[in-house]
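Hi,

Here is the model I promised to send over.

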Amino acid sequence: MSTGLKLALPAEKHPLRFEAVESESIQRILHTTREHLGAEIAFVGRYVDGDQRELMHVDTDLDLPMGAGFREPREDSFCWHILEGRLPELIQDAADYELAKSLPVTNMLPVGCHLNVPLRFSDGAVFGSFCCVSRQADRTVTERDMNVLRAFGRLAAEHIESSIAEDEQSMRLDRRISDAIGRRAINIVQQPIHEVRTQRAVGVECLSRFEDAQSRGPDKWFAEAVAVGRGVELELAAIELALETVEHVPPGAYVSINASPETVLSGEIAPLLEKHRARNIVVELTEHEKVSDFIRLRDSLREIAKYARIAVDDVGAGYAGLRYLVDLAPDLMKLDMSLTRNIHQDLARQALAKAIVSFAGAIGSKVIAEGIECQSELDMLTRIGVDYGQGYHFAAPMSVAAASRHLREHA
């Protein structure tokens, strides 16, 4: 390329997608600019590989022969020659310039008044151009109008640069998640669950761990997967690997696997469970967002209930309201660790835990307390009537082989 300009060209392997640039904000900026300047057309164009200029966003009331996605050689555009210094940013009448008159678009629209500023990123690289055009010449347009265009152009450039950075981050996350799923790079560990009165081990909860577990927890992985639209896929991969550990669990003990409402609604869990229908499995419904379609969720859980018991996580916190629990009537309710922590020292926590235990008994459910870390917490939960407990007081998450030994030793 002969020009010494630094262009923010999209990477060849991962070209910038239109949807990567938050179009609603850009369209509002374009429309506001066009209305303010009284122009007929406003657009954002970008420079792409192959010496092309491409229209990304267009705002106009006219029926134009080109729209978003239209490409032309850079040399045929006003924008490129303005960037190269061959034409001024403010053109009151294209007929005043021989170069402007020679460009194909001048006669095609036609072009009369033309205002244009480069779209520059924070590092100085030129992404494209921000432009307003009218078909008639307008000698009333002044440098003050250009300053308005420059201000809106800077705002548009900030939005575009931010969108590109987010898109690049999303692509990196997507590749990382695809790699983890493809390589089955999810390590399943298990944390034992004990009956509080007898202290005997009755089951395990399967938990996912990833290769960078020291620096990034599993919650971060699943949240990032949701953010890039791969949440259900990653959860199903973890569920499939968790179910492969069932054969290592001694007879009589159960295996609990986690699933979000979105994954339950996918309809993909029941077919996986059917392969293990002879075993004692619990599907633990985790909640991090309010359920949007409760009736569909309830119906999907009924299908899963053919092969597994249902548990609801985070009871006493999050979105697990009373109606939610009444309508689902889960087999197990898990007291959130925020209730368990220091419950022996807090009358309010004790009162709420007692209410949940009473409610569970009324609908035929059992209660598991999460996050038990000391004997005093366990003693209080036992007096309250909690059925099962889980936490470091009993055992930390451990390998599948170690969990199998733990279950046998504490059976």
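Buried here means under 20% relative accessible area, with exposed over 50% and partly exposed in between (1.4 Å probe, protein chains only).

Some ground rules: this is a predicted model, where local features need pLDDT of at least 70, side-chain atom pairs count only at pLDDT 80 or more, and totals for chains, interfaces and linings use all residues. Residues are numbered from 1 along each chain as its sequence is written, and side-chain values use heavy atoms, leaving out hydrogens and water.

On to the sheet. It is open, with six antiparallel strands in the order β3-β2-β1-β6-β5-β4. Strands (E, at least two residues) and helices (H or I, at least four) are DSSP runs numbered from the N terminus, and two strands pair if DSSP finds at least two bridges between them. The edges are β3 (71–73) and β4 (90–91), each pairing on one side only.

β2 (residues 52–60) pairs with β1 (residues 41–48) over eight bridges, with V58 as the partner of F43 and R53 as the partner of Y47. Three residues separate the two strands in a hairpin, and G50 in the turn has a positive phi of about 90°. On β3, R53 has E72 as its bridge partner; three bridges join β2 to β3.

Contact means heavy atoms within 4.5 Å. α5 (residues 143–182) lies across β1, β4, β5 and β6, at about 40° to β5. The two helices pack at about 175°, axes 10 Å apart (lines fitted to C-alpha atoms, for helices over the stretch in contact; angles run from 0 to 180 degrees between N-to-C directions). α1 and α5 are therefore roughly antiparallel, the word for angles over 145 degrees. Their contact includes I29 and L37 from α1 and F152 and I160 from α5.

Lastly, the cores (buried Ala, Val, Leu, Ile, Met, Phe, Trp, Tyr and Cys joined through side-chain atoms within 4.5 Å). The largest has 73 residues, of which I257, L273, I304, Y324 and L335 touch the most other members. Helix α7 (residues 231–243) gives the most to this core, with eight residues. Another core, of 27 residues, lies apart from it and includes L90, L149, A157 and I160.

Cheers

Conventions. Parallel < 35°, antiparallel > 145°, perpendicular 65-115°, else oblique.
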